[in-house]
Amino acid sequence: MSDDADLLTRAAAGDDAAFGALVRRHTPRMYRVALRITGSAAEAEDVVQDSWLAAWRALASFRHESAVSTWLYRVVTNSALALLRRRRPTISLDAPEPDGQSTLDSALLARADPGPEGRVVRAEEVDAVLRAIGRLEVSQRVPLVLRELEGLSYEEVADVLDVNVGALRSRLHRARVALLAELRER
Amino acid sequence: MAELQDPERDPRWDAVRAAARRRVPTPPGLVERVLRAVARGRRTAVEVPGEAGSLRVTENVVARLASAIAVERAPDGVRVSAVGVEEDAVQVLVSVRFGLTADAAAEALRQELTEELSRQLGVATTVNVHVIDVHPG
């Protein structure tokens with residue numbers, strides 16, 4: 001299987017199959033990020049389509065200074081933020097999943113590795129977390145999604161958001177505190 | 001207060017970790033829709049030659065422009081359902097109010113859209129309007 005950098009180089013040279021392979025490989029995670037940021041399945045689809053159009057236009061200017069996946073995280077994050085700016089200042093994530101259905105398989109989750117304290121987290125608690133993240137300010141929500149839900153390193157999140165790592169760490173700390181405060185209130 | 005200093009040690013943080021493990025299914029057909037959207041974005045629908053070069057407008061842009069004009073100029077009783085570019089022409093799918101003369105309504109929209117699109121793009125544009133549904137008044 002070709003690596004991302006190779007696929008991107010070929011796509012930039014006009015290889016449609018290579019571009020298609022990139023789209024197939026990265027669309028699921030881009031959709032996931034878009035959904036977590038916008039809270040709307042329909043808008044997440046639009047964000048993903050806009051992101052790939054933007055990515056396609058920028059293929060030739062990609063300098064390979066960061067991983068392709070990090071670059072695509074940046075593209076989708078920027079598209080999602082642009083949509084939020086166009087939409088309205090406050091966003092609700094009350095229905096974060098398509099058709100209002102939870103994508104959590106409770107049985108699977110119950111069998112998943114428990115956390116450090118050995119607790120089994122119930123699906124409702126996960127729903128509450130996702131709703132609480134949706135209520136955070138965008139400036140806190142986005143880094144939290146990238147770091148805590150997507151598992152990016154501090155350096156990668158800082159790269160995606162074009163901020164320095166120190167500033168990111170303090171913003172994330174505030175976001176985590178705010179998230180816990182939201183969870184406590186519900 | 002310790003949990004405020006290190007939120008990740010708060011017992012509630014287990015639920016955040018679990019949220020990270022939650023699977024988010026990709027909507028069926030999304031990859032194909034993305035590839036079609038990118039292909040539309042790449043295809044040149046209109047090319048206007050000029051002395052200092054040519055102006056190229058992609059299908060995606062033509063479709064968005066046509067959609068905005070169609071919605072704005074649709075006669076009373078005509079609802080625009082979809083707009084796309086296919087077979088070198090703008091295709092507009094509409095629903096007309098029950099009781100309206102469908103062909104007259106469609107023709108009025110077609111003429112309006114053709115004229116405005118041609119004016120804005122600077123080239124003659126073919127527009128087809130298809131009545132695909134009837135809605136109650």
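Visitor: Is B:Ala66 buried or exposed?
Guide: Keep in mind that this is a predicted model. B:Ala66 has its place in helix α4 of chain B, residues 59-73. A residue counts as buried if 20 or more other C-beta atoms lie within 10 Å of its own. Around B:Ala66 there are 26 of them within 10 Å, so B:Ala66 is buried.

Visitor: How many residues of strand β2 of chain B are buried?
Guide: Strand β2(B) runs antiparallel to β1(B), joined to it by six bridges. A hairpin of two residues links the pair, and B:Pro49 stands opposite B:Ser54 in β2(B). Strand β2(B) has six residues and lies largely in the open, because the number of them that are buried is zero.

Visitor: What do the buried residues of α3(B) pack against?
Guide: Those buried residues are B:Val31, B:Val34 and B:Val38. They cover an arc of only 60° around the axis, so they are on the same side of α3(B). Over on the other side, B:Glu32 and B:Arg36 are exposed. The buried ones pack against two helices of chain A: α2 (16-38) and α3 (41-58).

Visitor: How far apart are the end C-alpha atoms of helix α3 of chain B?
Guide: This helix has 13 residues, and at 1.5 Å a residue they should span 18 Å. The model agrees, as the end C-alpha atoms of α3(B) are apart by 18 Å.

Methods:
Residues are numbered from 1 along each chain as its sequence is written. Chains are lettered from A and ligands numbered from 1 in the order in which they are written. This is a predicted model: local features need pLDDT of at least 70, side-chain atom pairs count only at pLDDT 80 or more; totals for chains, interfaces and linings use all residues. Helices (H or I, at least four residues) and strands (E, at least two) are DSSP runs, numbered from the N terminus. A residue is buried if 20 or more other C-beta atoms lie within 10 Å of its own, exposed if 12 or fewer, and partly exposed in between; C-beta atoms are placed from the backbone. Two strands pair if DSSP finds at least two bridges between them. The expected span of a helix is 1.5 Å times one less than its number of residues. The arc is that of the directions from the helix axis to the C-beta atoms. Two residues are in contact if their C-beta atoms, placed from the backbone, lie within 7 Å.
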